[in-house]
Amino acid sequence: MIKTIAKPQEKKVVGCGECRSTCQSACKTSCTVGNQSCERITREQKIREDK
Amino acid sequence: MIHVFSYRDKHYVYDTGSGSLHECDERTARYLRGEDVSLTEEELADIEALKREGLLFAPETDVRPVKSNEMKALCLHVCHDCNLRCKYCFADEGAYHAAREMMSIEVARKAIDFLIERSGSRRVLEVDFFGGEPLMNFDVVKETVSYAKAEAAKRGKKFLFTTTTNGLLLDDEKIAFLNEEMENVVLSLDGRKEVHDAVRKTVNGKGSFDAVIDKIKKFVKIRGDRHYYVRGTFTAKNLDFSRDVLFLADQGFESLSVEPVVTDIPDLAIREEHLPAIEREYERLCDEYIRREAEGRGFSFFHFHIDLEGGPCLQKRVSACGAGNEYFSVVPNGDLYPCHQFAGDAEWRMGSVLTGELDGSLREKFASSCLFTRKKCGDCFAKFICSGGCSANNYHFNGDIDEPYAVTCAMMKKRAECAMHVLASRKAREN
């Protein structure tokens, strides 16, 4: 048995550089890009929610 | 590349190339590890289907990093002094191996100008008020926020501010200001009183727990649902740090981060021999984390977040942390360093916001540093999650920003596995 738990959504825009600086997070010593969100996806989701 | 790992009685396969996470039974896990196990035709067909979908044994990316000369963020050291004398402080108890001093508003304004002028088309800029203890220079923090907002408005930009504080100077005025102006506030608190007090001392040598706990609680209560982190440090003295995380959660703090210390002080430093205990501790924390979440009294632990579905694009994931290229630290006299962990080290001085100079060769060194220049990361399953780790840690432990520190890597990998297990457990409950 093998089942998929999670897979990345296809992103319309990549490499735009809008993401926040990795080091401005809670840790300041254990920078972990995987904890971050995509700023575009977050922003677009917020726009949809606001509508 | 795939990474097959087991957590308690669960078995997972993380596909590094696609960033997908799968759960499987023990036989499939053993088969995927290369053991001599016979699977049924149906089981083999499931594996082949995932391969065809590009979710298993997917080729790894050859995308290039986001390479831009646009600046995004500054860590503004508004105060190279501190009202605490924490034993493990990487910043020399706030002084950064130099005279204790405050940043003037003139230098702060120049720093804001410097960032805006070099931010190109980027609209959102970030400033972290850092120290030492930044609230010791509260007037400059306030004036800088006011100035930055006004300048940003003129240029069609927006600032997101963060403050990192030990909480000692929090009062009604400062709480109101931080809540109004800060996108995020990081409050330093190590956990249990005896753990906190053993290292986080006042100038007079007393433990500081009693002096900060009520202030931080008050701040968080007023903060409501806006971003904050109660952020602790664990050392070799409290390898049972899951108790500290849970203690903080029991105080009502819902957004937590507890980090391994960065120090070479022998009795505090995390060393390779501590790793088995630390890995067990992350598992203990993970088990309780999931249990509390299932009972509806969960909290957020920074390192157990992993966004495999909507996280950063691959270009970002291979781009390293951005220090020394898109992110800089500015110390009180206006000098620039790649990040706060390099501040005060003359070898890494990159320029000054007062003169506008910026060392192009050093910047290029950092801009060129990425996952692909960190050769040891090549065969690591977590490389697209950690992006090659912290340049400063790499340098301080191994003398090279591109040489990952094995102890940090081991902790990172364990946290990633725990985060994946948390994600799978959450999905199982939702279904």
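A residue is partly exposed when the count of other C-beta atoms within 10 Å of its own falls between the buried mark of 20 or more and the exposed mark of 12 or fewer. This cut-off is needed for the first view. The model shown is predicted.

**View 1. E60(B) sits in a loop of chain B.** The loop runs between α2 (41-52) and β4 (73-77) of chain B. E60(B) has 14 C-beta neighbours inside 10 Å, so E60(B) counts as partly exposed. Leaving out residues up to four places away in sequence, E60(B) touches M1(B), T16(B) and G17(B). D15(B) lies 45 residues from E60(B) along the chain. The C-alpha atoms of these two residues, E60(B) and D15(B), are 9.5 Å apart.

**View 2. Strands β1 and β2 of chain B form a hairpin.** Strand β1 covers residues 2-7 of chain B, and strand β2 covers residues 10-15 of chain B. The two strands run antiparallel and are joined by six bridges.

**View 3. Chain B is assigned two domains, domain 1 and domain 2.** Domain 1 of chain B spans 2-61. Domain 2 of chain B spans 73-314. The C-alpha centres of these two domains of chain B lie 39 Å apart.

**View 4. Chain A meets chain B.** On the chain A side, 33 residues are in contact with 60 residues of chain B. Strand β1 (residues 2-6) of chain A gives the largest share of the chain A side, five residues. By type, the residues of chain A that touch chain B divide into 14 nonpolar, 14 polar and five charged.

**View 5. A strand of chain A pairs with a strand of chain B.** The partners are β1(A) and strand β3 (residues 20-24) of chain B. Their pairing is antiparallel, over four bridges. A6(A) has L21(B), in β3(B), as its bridge partner.

**View 6. Helix α13 of chain B packs against another helix, α14.** Helix α13 of chain B covers residues 391-398. Which residues of α13(B) are buried? They are S391(B), A392(B), N393(B), N394(B) and Y395(B). These buried residues pack against α14 (406-430) of chain B. After α13(B) comes G399(B), with a positive phi near 75°.

Technical notes: Residues are numbered from 1 along each chain as its sequence is written. Chains are lettered from A and ligands numbered from 1 in the order in which they are written. This is a predicted model: local features need pLDDT of at least 70, side-chain atom pairs count only at pLDDT 80 or more; totals for chains, interfaces and linings use all residues. Two residues are in contact if their C-beta atoms, placed from the backbone, lie within 7 Å. Ala, Val, Leu, Ile, Met, Phe, Trp, Tyr, Cys and Pro count as nonpolar, Asp, Glu, Lys and Arg as charged, and the others, Gly among them, as polar. Two strands pair if DSSP finds at least two bridges between them. Domain bounds come from an automatic or database domain assignment.
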